[in-house]
Amino acid sequence: MPSIHRAASSVLLACLMLSGCSPTALGGSAPSGSASGAREPSGAGGPGRAIAVGAGPQKTYTVQQQPAAGTCHYRYLKGEPLEDPKCTPGAISPAVTQSNLKSTICRKGGYTSGIRPSTSVTGKEKKLNAASYGFTGRMSDAEYDHLISLQLGGDPNDYRNLWVEPADPGHKKGSGVNNKKDPVETKLHTAVCKGTVTLAAAQKAIVTDWTTALSNLHLGG
């Protein structure tokens with residue numbers, strides 16, 4: 001018996017001295033959360049970051065808490081307003097996937113109108129989010145915008161997917177909402193439903209930079 005213990009001790013010592021030895025080789029198990037058992041997060045994010053998954057469509061929506069006042073900051077590219085990625089990173093709906101496009105965002109009959117929160121909810125959220133971003137312009141000229149639009153599978157009421165989008169440069173005050181982001185979303189939606197680009201690619205492009213989304217996906221711009 002002593003010889004067996006000495007042999008086992010020798011194997012253990014040799015194993016510990018070799019960098020390639022794993023806990024399993026010593027009769028143990030891999031620690032929980034190790035790379036071998038890690039799973040990629042769901043969503044369609046860029047390298048190292050997945051897009052968050054929201055709650056999806058609800059029968060009844062409630063006013064969502066917004067980032068603290070003054071903590072969000074607009075970015076501008078050639079005068080066009082972009083969201084603060086820390087406050088508004090985007091969120092997708094779990095109800096829309098690549099496999100069910102025909103029955104969700106690509107179906108005829110108005111998918112988005114059936115899942116859009118009421119103005120009694122979004123109106124309150126818009127005021128709170130305006131404070132988050134320090135927006136002081138005309139509220140009627142600003143859009144409470146889904147960063148990932150509903151027609152691209154964006155979550156309907158996740159605060160991470162909604163922001164007060166200021167009017168475009170040169171916009172006449174008091175003339176209402178008219179943003180260049182809207183036609184970009186429509187073109188992306190058409191491309192997704194035609195199968196030109198995947199849903200994940202369109203979602204990634206819009207959260208990265210909506211002003212370059214079409215050109216980056218070779219859809220013009």
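This note goes through the predicted model point by point, from the overall fold to single residues.

1. **Overall layout.** The protein chain has five helices and six strands. Read from the N terminus, their order is α-β-β-β-β-α-β-β-α-α-α. Of the contacts with a separation of 6 or more, 71% join residues 24 or more positions apart.

2. **Surface and burial.** The chain has 221 residues, and buried ones make up 39% of them. Its accessible surface comes to about 12700 Å². Carbon and sulfur atoms hold 57% of that surface.

3. **Disulfides.** How many disulfides does the structure hold? There are two.

4. **Cysteine 72 to cysteine 87.** The sulfur atoms of this pair lie 2.1 Å apart. The two cysteines are 15 residues apart and sit in separate loops. Cysteine 72 is in the loop between E1 and E2, and cysteine 87 is in the loop between strand E3 (80-82) and strand E4 (91-92). The S-S torsion is about -100 degrees, so this disulfide is left-handed. Are its two ends buried or exposed? Cysteine 72 is buried, at 1% relative accessibility. Cysteine 87 is buried too, with a relative accessible area of 9%. Both values count as buried because the cut-off is under 20%.

5. **Cysteine 106 to cysteine 193.** Here the S to S distance is 2.0 Å. Cysteine 106 lies in the loop between E4 and helix H2 (119-133), while cysteine 193 belongs to helix H3 (residues 181-194). The bond therefore ties together parts that are 87 residues apart in sequence. Its torsion is about -95 degrees, which makes this disulfide left-handed. Cysteine 106 is partly exposed, at 24% relative accessibility. Cysteine 193 is partly exposed as well, at 33%.

6. **Helix H3.** H3 has 14 residues. From first C-alpha to last it reaches 20 Å, close to the 20 Å expected at 1.5 Å a residue. Its buried residues are Lys181, Val184, Glu185, Leu188, His189, Ala191 and Val192. Glycine 195 follows H3 and has a positive phi, near 85 degrees.

7. **Glutamine 66.** This residue is in the loop between strand E1 (52-53) and strand E2 (75-77). With a relative accessible area of 10%, glutamine 66 is buried. What does its side chain reach? Another is the side chain of asparagine 129, in a polar contact of 3.0 Å. Setting aside residues up to four places away in sequence, glutamine 66 touches Glu125, Leu128, Asn129, Ser132, Tyr144 and Tyr159.

8. **Threonine 211.** Threonine 211 sits in the loop between helix H4 (199-208) and helix H5 (213-216). At 28% relative accessibility it is partly exposed. Its side chain makes a polar contact of 2.6 Å with the side chain of aspartate 209. Which residues does threonine 211 contact, leaving aside neighbours within four places in sequence? They are Leu77, Glu80 and Leu82. Glutamate 80 is 131 residues away along the chain, yet the two C-alpha atoms are separated by 7.9 Å.

9. **Positive phi outside glycine.** Two residues deserve a look when checking the backbone. Lysine 78 has a positive phi near 55 degrees. It lies in the loop between E2 and E3. Its relative accessible area is 83%, so lysine 78 counts as exposed. Histidine 218 has a positive phi of about 60 degrees, although it is not a glycine. Histidine 218 is in the segment after H5. At 75% relative accessibility, histidine 218 is exposed.

Terms used:
Residues are numbered from 1 along each chain as its sequence is written. This is a predicted model: local features need pLDDT of at least 70, side-chain atom pairs count only at pLDDT 80 or more; totals for chains, interfaces and linings use all residues. Side-chain values use heavy atoms; hydrogens and water are left out. Helices (H or I, at least four residues) and strands (E, at least two) are DSSP runs, numbered from the N terminus. Buried means under 20% relative accessible area, exposed over 50%, partly exposed in between (1.4 Å probe, protein chains only). Contact means heavy atoms within 4.5 Å. Accessible areas come from the Shrake-Rupley method with a 1.4 Å probe; for residues, only the protein chains shown count as cover. A polar contact is a pair of N or O atoms within 3.5 Å; within protein, one must be able to donate a hydrogen and the other to accept it, and residues adjacent in sequence count only if both atoms are side-chain atoms. A disulfide is a pair of cysteine sulfur atoms within 2.5 Å. The expected span of a helix is 1.5 Å times one less than its number of residues.
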